[in-house]
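Work through these exercises with the structure open beside you. Try each task before you read its solution.

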Amino acid sequence: MSFKDDFKREMRNVMKDVEKEVHKTWKIDYKGHSIEIINQIKEEQLIIDGITVDLNKRKSILSHIIPYSKLSGILELEDGTKHKVSVKLGGYVRFNCKVKVDYETILDDSMKLEFLPWDHKEKIVPIIQQQIQTHHKIVDDRLPDEEYLYDEHQPRLAPGLFDDLVNEGPTPFYVKRLLKVFEKQLNQPTNQTRKITYEKIISDNLASYSNELIERIQQTQWDESLVQQEALWLLEHAAHREVVKFAVIVLGCTNCEKYKDLLLTIGMHEDFTSYVVFALKNGTNQANEQVWQLAKSVHGWGKISAVKHLEASTPEIKRWFLTEGCQNTIMNEILAYTCALNGDLETALSEDRISKELYHGASLIILSLLNEESSPKGIEEYPNASTVLSRLIDHAHMHCQSLEDFYPIMKISEFLNEDKEMWEERFEDSWKRHEYMFIQEAIQPLINDNRWPKLAMDALQQNYHFQALEIALYYRLDVVQHLFDLLEKEPTNCELYFAVVDTNNRQHMKDLCTFAETHLSLSSLTDDEEQCLQYIIQGLYEYEGVGLSLVHATLRLENLQYHALSVLTEWSPSFSQQADTRELIKHIAMKTKDKEDRQLAKQVLKK
């Protein structure tokens, strides 16, 4: 995001806080009649007996340069007498509301405008506590500060992912200055000192400083009871996630055994799991059991953090690494190597017989290790890979009963059939030729079993099944007609579009474009339809001229314009120079809001 966008978002957030702070309502009962005064950032109202009798609208907040505004209206009593109600509102440092009926003052209220950053906002920890108390898990991972973090239409990040993506250079002396103001808060816990600390915390991203922060806190000589008191205050009042992170780190730098239940609850939200794992391991007894409890309760980036810090301290945890540790909603590949080592996969598979549960867990780990592109450490780094693959194949003779059971065996076969140059490198490194030959021989009876291609085609006749599709393609079966038949049933199934694109066939792409033109509502796409169309457009680079009318439709869609323009940069200029195409590109170059889209459109026009 550009500096300009960041600045606009910050200004928008400041205005939100100002609006909430100045939004005040006063209600007065005067001789059986209701007088109500409402003050907002751009409007003041005087309401008598439910009827608005005077209204002052401000065109902009700059009109607040005039410090006071006045409202007036007539109040008629039961005896028929009429009385003038006068209201005076405003002030810079203190906000005043003075109400008179004729010359009698019936209200004279004054309050200091403090703009405390946690005021008028939902608090994060109570929201988490309520969900855990009610559902025993997080059912809605949105946090109340999202309106401050994301611009309109900006996609949310999965909880915990942002900390992994932070790549900003740290601000010099940020931690030193933060701890200095926090120390002042410890010694003088007032709204003012807490506000200074709070605002310093949310001025940056804690993920960039967590290690330095922990190291410096552990070097201090602070009174632990005061540290815990203020950390708990921050947790109680935090309306911004960075404040929760800071408070958990601070609490974790103390003996926080008596707060472990609170920490576990907070850690159930995956934005905070990694911070809670630190706090548990650093500040509580029997921390590993607590970390395991967390690891079993989270299913995304939080689980990745918990598993990475979990020790195989008991047979139960060791087995859990192999049966459940790798299964995650986000990239099993990240956890596979850790689970294989900590669970001692090689020893577990060396048994003569294993359970179906272990077969499934071991299969998932091996599948993830084989996916070298996504694994931080894959099968090449795993010690004794040949033994593990060989043992899984042995157990497959007993447990391989369904397509799901066979799928990892097929993937092992693909691995074994990679090009000879790659295998020559492996033979020079860690593999032995006789091990390779032994596994190749052992896997053939499973691969040659003709029930797998039949089961795969049967499955694809019913509905889309990615493992069935891959198995069918492995056996070089023609599945395209099945995919188009399934598309008729599910015209917004993105995976089906991707599968057709992945066949890398010009005629299939033509047919897919024709299908999309007749089945997708191109003038008002749903989110699913937009994803399907994106898959098609991204697949057109190599097929010059295919789907040109679909490219035209995409040029009219703000979210997908860049993809369509990118395709035209790869095609010959004859397509972008056609009159109707050129008009659409010109419109983007001159009118679209996105700077990158405008630049790419101008680039295409120059071809």
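## Exercise 1: A negative patch

Task: Decide whether D429 is buried, partly exposed or exposed.

Solution. D429 has a relative accessibility of 61%, so it counts as exposed, since the cut-off is over 50%. Keep in mind that this is a predicted model. Last, look at its partners. D429 forms a negative surface patch together with D419, E421, E425 and E428.

## Exercise 2: A salt bridge and its network

Task: State what joins D145 to R241, and how far apart in sequence the linked parts are.

Solution. First, the general idea. Side chains of opposite charge can pair when their charged atoms come close. Now the pair itself. D145 and R241 form a salt bridge, with 2.7 Å from N to O. D145 is in the loop between α2 (124-135) and α3 (146-149), while R241 is in helix α9 (residues 241-252), so the bridge ties together parts 96 residues apart in sequence. Both residues are buried. Then widen the view. A network of salt bridges links D141, D145, E146, R156, R241 and D271. The whole structure holds 23 salt bridges.

## Exercise 3: Two further bridges

Task: Then say whether each residue is buried or exposed.

Solution. Take K245 first. K245 lies in helix α9 and D163 in helix α4 (residues 161-165), so parts 82 residues apart in sequence are tied together. K245 has 1% relative accessibility and counts as buried. D163 has a relative accessible area of 17% and is buried too, because the cut-off is under 20%.

Now R194. R194 belongs to helix α6 (residues 191-201) and E230 to helix α8 (residues 224-237), so the pair ties together parts 36 residues apart in sequence. R194 counts as buried at 13% relative accessibility. E230 counts as buried at 0%.

## Exercise 4: An enclosed helix

Task: Explain why helix α13 is largely enclosed by the rest of the structure.

Solution. Count the buried residues. Seven of the eight residues of α13 (residues 301-308) are buried, so the helix is largely enclosed. The buried ones are W301, G302, K303, I304, S305, A306 and V307. Next, ask what they pack against. The elements are α4, α11 (273-283), α12 (287-295), α14 (315-325) and α15 (333-342).

## Exercise 5: A buried serine

Task: Locate S576, and list its contacts beyond four places in sequence.

Solution. S576 is in helix α30, residues 573-576. At 1% relative accessibility, S576 counts as buried. Set aside neighbours within four places in sequence. S576 is then in contact with T581, R582, I585 and V604.

Conventions: Residues are numbered from 1 along each chain as its sequence is written. This is a predicted model: local features need pLDDT of at least 70, side-chain atom pairs count only at pLDDT 80 or more; totals for chains, interfaces and linings use all residues. Side-chain values use heavy atoms; hydrogens and water are left out. Helices (H or I, at least four residues) and strands (E, at least two) are DSSP runs, numbered from the N terminus. Buried means under 20% relative accessible area, exposed over 50%, partly exposed in between (1.4 Å probe, protein chains only). Contact means heavy atoms within 4.5 Å. A salt bridge is a side-chain nitrogen of Lys or Arg within 4 Å of a carboxyl oxygen of Asp or Glu. Patches are made of residues with over 30% relative accessible area and no salt bridge: like charges are joined within 9 Å, nonpolar side chains (Val, Leu, Ile, Met, Phe, Trp, Tyr) within 5 Å. Accessible areas come from the Shrake-Rupley method with a 1.4 Å probe; for residues, only the protein chains shown count as cover. Lys and Arg count as positive and Asp and Glu as negative; His and the chain ends are not counted. The place of a charge is taken as NZ of Lys, CZ of Arg, CG of Asp or CD of Glu.
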